[in-house]
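Hi everyone, thanks for coming. Let me put the structure up on the screen, and then I'll walk you through the parts I'd like us to look at together.

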Amino acid sequence: MIWEVLHIWIQFFYALLLFVISFLILRKYRENKLSWETPDFPYIHSRYQAKKLLNSEKENWLKDLQYSVSELIVKELDLNFISTEEETACIQVKENKIKKDISYIWKALQSKVPKDMENRQDDLLKALIFELDSGLIQRPSDLLGRRRSHRLKKLLYQELNNSEDASQTSKLKNHLSDFKRQSSDLGFSKLKAILRKSSVSEYLLSKKVSTFSIFVKTVVMALALHCYDFFTDCWLIKEYYEISHERDIQSQFTVRSIFEFEWAFGEFIEIIPVNATSSEVRELSIENTFSLLTFFAFVLVFIVIVSFLLIISQLKTVQSLYDISKTVLICSETERRNNLDPVKVLHRFNFSRVESGTESSLQLAFQMAIYLVMTWQLDWMATKVQQEKGSIMQISRLWPSFAMSILSISVGQLKTRMVLHEFSTDLCKKMIYFAACILNTIFTALIWISLGMAAMDLATVGCFDLMDGGGIQFPSGKWGSWTFFVGVALAFLVTIIIPGFTHILRLPTSSVSPDITSLQSEESLQCFLDQFFSLAVIISFNAVMNIFLLGFAKDALTPALLDLGSRTNFTLPEVSDFESQIVTPSTMPEANARRNFILLSIVLMPLCLVGSLLLLYFYFKDNTIRMRFQDSREKPKKMRFKSWQFFCSAPVLDGFWVDVTELKEGKEDGEILNENNPLGDEKCINQAMLDSVLRSLPFWKGKRPPTLSFKQLTEYKRFLEEAEMTKNYDQTRKISSNV
């Protein structure tokens, strides 16, 4: 069975399926664009009331909540170093005060909206959460604002979801957890209480020890992870090089061959003479095989050098990682001063992101591709000479580098997401997202390995064709192969494709700009559309390459293998009819690893893709944030290319928050709200407040007026009259006429 044929058919099937999914996403994208043309009137009213309530001139609840939550976070940060019963009780008092304020705001907001309004609870909650987020978070890089908003919303959910009995149960659980924590840390708490009397000891206890732990958790861990990944890659390159030189066979590919450009057309391959004896044919065949492996090892060295130059330029951002983690996690003064450098915030993970996007991705693809391309050749040729049992190139040598590359790329995806959400995401959500990153990394790795294997297979076909005398002679007298040249060119093309498409094939939410906060938003649909369409194109391109490889295998590889087998005692698969049978690498008896990879890729690719999307769904399942930062600059800024921008995009810092809440579909066509509508003209309301609400809904600006059925307007008016809400009724009329 020719496994490459099965692989081609499966690839075309997956590509067709991805094209269909891309079409469905495009259709969904257009439907969402159409739904934005008809705004949800009750939601606008809820947004207006929430904004007016939080920014009231008499009681500015937003500023009060910001101050209270900030003080609560300060107390919690100080509690990590010096904890006493008084401070624990003070934190509980502050939490109760914030919950009381939130409860008052929620009840006041409910009183301003009709009770029988459709989707009243959801609209009120979304409106309040959006106004809290947009008020507390000043810009995308505002980590302090995101942490305050996250802490405040947790208190809001606790207040809304807990009944009196549940509240008592929750308090009991909190007391039990506090008791366990205090009991376990009893001795150390007493020691800290004693040392607290001394300012010097307090400084040593809270600053030195804590900053050292932060340094270890951030800088040391990041450098250890990626440096060890780099070390395993270099160690595997050394293994490949030693395999090709550990026997008494001199490889023809050397450092000199690089500068003489003998690698371009395979000029380092020795042509087997026609009158060569059987032993000479065997020795030259094995020598050429090891020379080819040496050439592939030098390709890995080239990748390491280029990646190292890109990574070393981002080494300075590790200092930003330490500074941000220290000031946000342990420094309560930073919370009070409310200042963080946006540049350090956005670039603190650049070292990990660049290393995972270049060195890890390229090494993972090419190391496995080289193993799958060369293992059958080494087992077929070298074992016949040395009479060895087992494989020369053991798969166990690749596992350390493979595992570290998967881990490094997954961590890079996670950190890309955590650039903006590190201190506003729970640990459970982080673990779910990290699992999604691992599945997405495995899925992407299978695609890149298949692509790299196809390019190197073409170079291998050229090598065998050249050995059998099928090459071309250059004026210098040396022989080369155009097939080998095309394979080498494709291999270097893949080294450009992988970093260029890495940011597209990763999880769509693993990005800094745009900051995706909802799977139903315009940005997420656009990213999914780009991802699935790019996947379909790449898989189709890989399938087409494999089709051409079948042609090369029939015209070049099969005759060369049959000729070598006839002139030596090398065993070949049984070929009954040369015209109907094609010898491919997967048909060789020693190609077990290659056949296993084809089967695993067919099964794991859809499983990993679906699994990563399901985990992404659970990650956003309870998410209520529907925000996007809109650039407010009139003239677009000129793009200036920098080395890190190719992998580390950063959002703009000047603008305002946009509401991207998905709206309900399908409102009946009816009378257009105008001066003759049932809600008529009434007293003027705060136009500036209303404009600020509509300003954050740019999708609705410039669209046709919203259409509501006459029945809906009549019912809405009746609801207002029954509730005797004359003041809000007047405001609602003005809103309707101005929308």
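Let's begin at arginine 147, a charged residue that is buried here, with a relative accessible area of 10%. Please keep in mind throughout that this is a predicted model. Which residue does arginine 147 form a salt bridge with? The partner is glutamate 335, and the closest N and O atoms are 2.5 Å apart. That pair links distant parts of the chain, since arginine 147 sits in helix 6 (residues 143–161) and glutamate 335 in helix 13 (residues 332–337), 188 residues apart. Glutamate 335 is buried as well, at a relative accessible area of 1%.

Now look at arginine 148. Its side chain also meets glutamate 335 in a salt bridge, again 2.5 Å from N to O. Arginine 148 is in helix 6 and glutamate 335 in helix 13, so this pair ties together parts that are 187 residues apart in sequence. Is arginine 148 buried or exposed? With a relative accessible area of 3%, and the cut-off for buried being under 20%, arginine 148 counts as buried. Elsewhere, salt bridges that share partners join Lys238, Glu239, Glu242 and Arg397 into one network.

How many salt bridges does the structure hold? The count is 16. One more I'd like to show you is between the side chains of glutamate 131 and lysine 51, at 3.1 Å from N to O.

Leucine 616 lies in helix 20 (residues 592–620), and it is buried, with a relative accessible area of 1%. What does leucine 616 touch, leaving aside residues up to four places away in sequence? The answer is Tyr433, Ala436, Leu507, Thr509, Leu519 and Phe528.

Val301, Ile305, Phe308, Leu309, Ile312 and Leu315 make a nonpolar surface patch of about 510 Å². Phenylalanine 308, one of these, is in helix 11 (residues 278–312), and it counts as partly exposed because its relative accessibility is 40%.

Next, please find helix 19 (residues 522–567). It has 46 residues and reaches 64 Å from its first C-alpha to its last, close to the 68 Å expected at 1.5 Å a residue. Where is the kink in helix 19 centred? It is centred on alanine 553, and the kink is about 50°.

Finally, let's zoom out. The protein has 23 helices and four strands. Of its 739 residues, 54% are buried. Among contacts between residues at least 6 apart in sequence, 84% join residues at least 24 apart. The accessible surface comes to about 34,800 Å², and 60% of that belongs to carbon and sulfur atoms.

That's my tour, and I'm happy to go back to any view you'd like.

Conventions:
Residues numbered from 1 in each chain as written. Predicted model: local features only at pLDDT ≥ 70, side-chain atom pairs only at ≥ 80, totals over all residues. Heavy atoms only, no water. Patch = residues over 30% accessible without salt bridge, like charges linked within 9 Å, V, L, I, M, F, W, Y side chains within 5 Å. Areas by Shrake-Rupley, 256 points an atom, 1.4 Å probe, with all protein chains shown as cover. Salt bridge = Lys/Arg side-chain N within 4 Å of Asp/Glu carboxyl O. Helix = DSSP H or I, 4+ residues; strand = E, 2+ residues; numbered from the N terminus. Buried < 20%, exposed > 50% of the residue type's maximum accessible area, 1.4 Å probe, protein only. Contact = heavy atoms within 4.5 Å. Expected span 1.5 Å × (residues − 1). Bend = angle between axes of the 7 residues up to and from the residue.
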